[in-house]
Amino acid sequence: MTTLLLLGCGHSGNEFTIEGEFAGMKNGELFIFPPTDLNATIDTLKIKDGRFEYSGETYDTIPYIILFPNAVEQVVFVAPGKTVSYSAATNDLKNYKVEGTDENELMTEFREKVQEVKETEVPALARQFILDHPESVVSLYIFGRYFVQNDHPDYKTTAELVKLLRTYHPTSLQLFVTEEMIKNAGSIVEGGKLKNVELTTYRKDKRKLWSNKDDDRYSLVFFWASWQRNSYDLLFRIRNLQRDYSDKVRFVGISLDNQIYRWEDLTRRDSLIIEHYCDGLSWSSPVVSDLSVEYLPLYLIVDKGHKIIFKTDDLEKMTDKIKKL
């Protein structure tokens with residue numbers, strides 16, 4: 001069995017280091033980034049002669065995501081003055097192990113439990129973990145992973161967990177915005193007007209949803225994310241609709257991605273035909289709370305007066321409605 005080993009020693013101050021020995025891979029590249037830092041860039045882990053090293057600074061214990069070329073992600077928690085020990089089998093990347101801090105040991109324990117159950121049972125395990133460890137930053141990560149980044153959020157459970165976690169993490173922006181989203185849930189209805197919210201472009205410019213007063217077309221405003229199932233098919237179908245109906249319909253995609261590079265990879269080819277927006281905040285985005293988005297995918301067909309005339313999560317029903325219009 002080939003393994004990846006990260007062996008650690010101590011540090012002082014706010015510095016952390018990840019040292020790795022990658023058995024079975026002489027040379028190559030992996031990627032690493034902190035998912036909670038919206039201004040962070042993706043760094044490259046250079047593997048040379050089966051080894052790599054990564055260093056940085058942090059003032060708190062935070063997660064880092066190691067991303068493999070096949071899109072497999074592994075989470076490692078770093079802390080000021082710490083080096084962790086990490087091991088994994090390259091032919092079984094799900095079964096990796098991280099040691100050196102309490103947070104990594106907690107995360108390893110949770111992952112091992114998740115692998116033993118059906119997918120439908122995972123949310124219950126995630127909820128119980130958070131109830132048992134509300135003070136841990138691991139609970140914040142698990143909350144985001146299983147309750148925020150979810151196609152159809154369970155608002156009752158999410159509200160329960162937000163209330164608990166806010167007690168231990170009062171400065172968390174994610175918790176604050178999620179709480180506001182829950183308060184406003186369910187306010188998008190057919191017949192109501194869609195707010196003129198502020199959106200974020202490719203270049204991180206701000207733009208209002210209804211910035212062109214002279215556009216008298218219908219609008220398809222669709223909410224999606226690259227991490228949801230069938231996102232590739234969703235974009236393919238919408239591209240085909242845009243090709244056939246661009247003279248009658250304006251196409252606006254609002255992504256709930258929190259990893260901007262994935263969103264950019266999927267939408268770069270559409271930049272001249274579909275308006276794509278993403279602020280990298282996922283379900284914590286102000287757009288979600290302002291528009292009361294409850295689930296993904298969500299398709300809103302809006303008339304020139306900004307009135308919602310059709311709302312659905314069904315791609316086929318949305319397509320049929322566009323064709324009838």
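Trainee: Is phenylalanine 33 buried or exposed, and what is its relative accessible area?
Mentor: This is a predicted model, in which local features need pLDDT of at least 70 and side-chain atom pairs count only at pLDDT 80 or more, whereas totals for chains, interfaces and linings use all residues. Residues are numbered from 1 along each chain as its sequence is written, and side-chain values use heavy atoms, with hydrogens and water left out. Buried means under 20% relative accessible area, exposed over 50% and partly exposed in between, for a 1.4 Å probe and protein chains only. Phenylalanine 33 is therefore buried, its relative accessible area being 6%.

Trainee: How many aromatic pairs does the structure hold, and which residue forms one with phenylalanine 33?
Mentor: Rings of Phe, Tyr and Trp (its six-membered ring) pair if their centres lie within 6.5 Å, and planes under 30 degrees apart count as stacked, over 60 as edge-to-face and the rest as tilted. The structure holds nine aromatic pairs.

Trainee: Which residue forms an aromatic pair with phenylalanine 110?
Mentor: The planes of this edge-to-face pair stand at 70°, with 5.8 Å centre to centre, and the partner of phenylalanine 110 is tyrosine 146. Helices (H or I, at least four residues) and strands (E, at least two) are DSSP runs, numbered from the N terminus. The pair links distant parts of the chain, since phenylalanine 110 belongs to helix α1 (residues 102–114) and helix α3 (residues 137–148) holds tyrosine 146. Both residues are buried, phenylalanine 110 as well as tyrosine 146.

Trainee: The charged end of which residue sits over the ring of tyrosine 146?
Mentor: A charge sits over a ring if NZ of Lys or CZ of Arg is within 6 Å of the ring centre and within 35 degrees of the ring normal. At 4.7 Å from the ring centre of tyrosine 146, the residue concerned is arginine 145.

Trainee: How many of the twelve residues of α3 are buried?
Mentor: Among the buried residues of α3 are Val138, Phe143, Tyr146 and Val148. Helix α3 is largely enclosed by the rest of the structure, because its buried residues number ten of the twelve.

Trainee: Where is threonine 178, and which residue's backbone oxygen lies 2.6 Å from a polar atom of its side chain?
Mentor: Threonine 178 belongs to helix α5 (residues 173–184) and is buried, with a relative accessible area of 1%. Contact means heavy atoms within 4.5 Å, and, not counting residues up to four places away in sequence, threonine 178 touches Phe143, Val148, Thr158, Val162 and Ser284. The backbone oxygen at 2.6 Å belongs to glutamine 174.

Trainee: Which residue's backbone oxygen does the side chain of serine 282 reach?
Mentor: Serine 282 lies in the loop between β14 and α8 (286–291), and it is buried, with a relative accessible area of 4%. The residues that serine 282 touches, not counting those up to four places away in sequence, include Val148, Trp227 and Asn258. At 3.0 Å, the side chain of serine 282 reaches the backbone oxygen of leucine 256.

Key: Polar contact = N/O pair within 3.5 Å; in protein donor to acceptor, adjacent residues only side chain to side chain.
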